[in-house]
Amino acid sequence: MAGNRKQGQVRIIGGDWRGRKLPVADRPGLRPTSDRIRETVFNWLQHRVVGARVLDAFAGSGALAFEALSRGARHADLIEADRDVAATLNRYIKLLDATARVLNSDSYVHLQQAATATYDLVFLDPPFADVDLSVLLLALAEHGWLAPEAVVYIEQPRDRELLLPAGWEAWREKRAGGVQFGLFMNVVEGVT
């Protein structure tokens with residue numbers, strides 16, 4: 001029964017909103033990044049978040065974007081295909097008075113268009129269905145979405161092979177439980 005789905009919470013673990021809890025609906029494919037993984041990722045990113053423009057391409061709960069904003073990111077755009085989830089994210093933006101906007105769109109379609117902004121930090125954490133992240137990495141680079149020295153976070157099932165496009169390499173990688181995650185850069189674009 002869809003009406004009786006259990007609602008969880010996501011907790012912001014650092015920054016100005018540390019300890020704030022946001023409800024998360026139990027929706028198919030909606031799987032917020034765990035506190036442990038977020039803490040690791042934001043420790044890696046600690047010198048890159050402040051002042052960054054952030055794109056959360058599969059926003060879902062918004063945990064990654066709101067964590068970045070809490071830690072000093074300048075602005076976040078959250079792409080979310082589900083209309084109801086997008087509306088919930090807009091409510092959180094108002095509640096937190098966050099400098100962010102929600103784009104109710106499909107990430108694959110959206111990122112194939114010419115960029116309307118560039119981002120210093122991009123989160124690619126799609127539902128764990130069959131997703132070809134290499135297509136998204138190419139779209140980010142080819143359509144001008146990435147600022148110089150941009151970093152892309154990827155999270156996917158541990159047993160799935162990540163095929164990076166030519167010119168991309170891992171900066172940091174780790175596995176936790178059934179998940180593999182890491183930060184990647186397009187070295188062809190001059191990222192160091």
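What pattern does the protein chain follow when read along the sequence? In this predicted model, the order of elements is β-β-α-β-α-β-α-β-α-β-α-β-β-β. The radius of gyration of the chain is 16 Å, close to the 16 Å that the globule rule gives for 192 residues, so the chain is as compact as a globular protein of that length. In total, the secondary structure comprises five helices and nine strands.

The C-alpha trace spans about 45 × 35 × 30 Å along its principal axes. Of the 192 residues, 48% are buried.

Helix 3 can be followed in more detail. It runs over residues 83–96, and at 1.5 Å a residue its 14 residues should span 20 Å; the C-alpha atoms at its ends are 20 Å apart, which agrees. Which residues of helix 3 are buried? They are Val85, Ala86, Leu89, Tyr92, Ile93 and Leu96. Viewed down the axis of helix 3, these buried residues fall within an arc of 110 degrees, so they line one face of the helix. The elements they pack against are strand 2 (21–25), helix 2 (63–70), strand 4 (75–79) and strand 5 (100–103). On the other side of helix 3, the exposed residues are Arg83, Arg91, Lys94 and Leu95.

Just after the helix comes Asp97, with a positive phi of about 55 degrees, although Asp97 is not a glycine. Asp97 belongs to the loop between helix 3 and strand 5. Is Asp97 buried or exposed? Its relative accessible area is 68%, and the cut-off for exposed is over 50%, so Asp97 counts as exposed.

Glu149 is another residue other than glycine with a positive phi, near 65 degrees. Where is Glu149 found? Glu149 sits in strand 7, which covers residues 146–157, whereas Asp97 lies in a loop. The relative accessibility of Glu149 is 42%, so Glu149 counts as partly exposed.

Methods. Residues are numbered from 1 along each chain as its sequence is written. This is a predicted model: local features need pLDDT of at least 70, side-chain atom pairs count only at pLDDT 80 or more; totals for chains, interfaces and linings use all residues. Side-chain values use heavy atoms; hydrogens and water are left out. Helices (H or I, at least four residues) and strands (E, at least two) are DSSP runs, numbered from the N terminus. The expected span of a helix is 1.5 Å times one less than its number of residues. Buried means under 20% relative accessible area, exposed over 50%, partly exposed in between (1.4 Å probe, protein chains only). The arc is that of the directions from the helix axis to the C-beta atoms. Contact means heavy atoms within 4.5 Å. The radius of gyration is taken over C-alpha atoms; the globule rule is 2.2 Å times the number of residues to the power 0.38.
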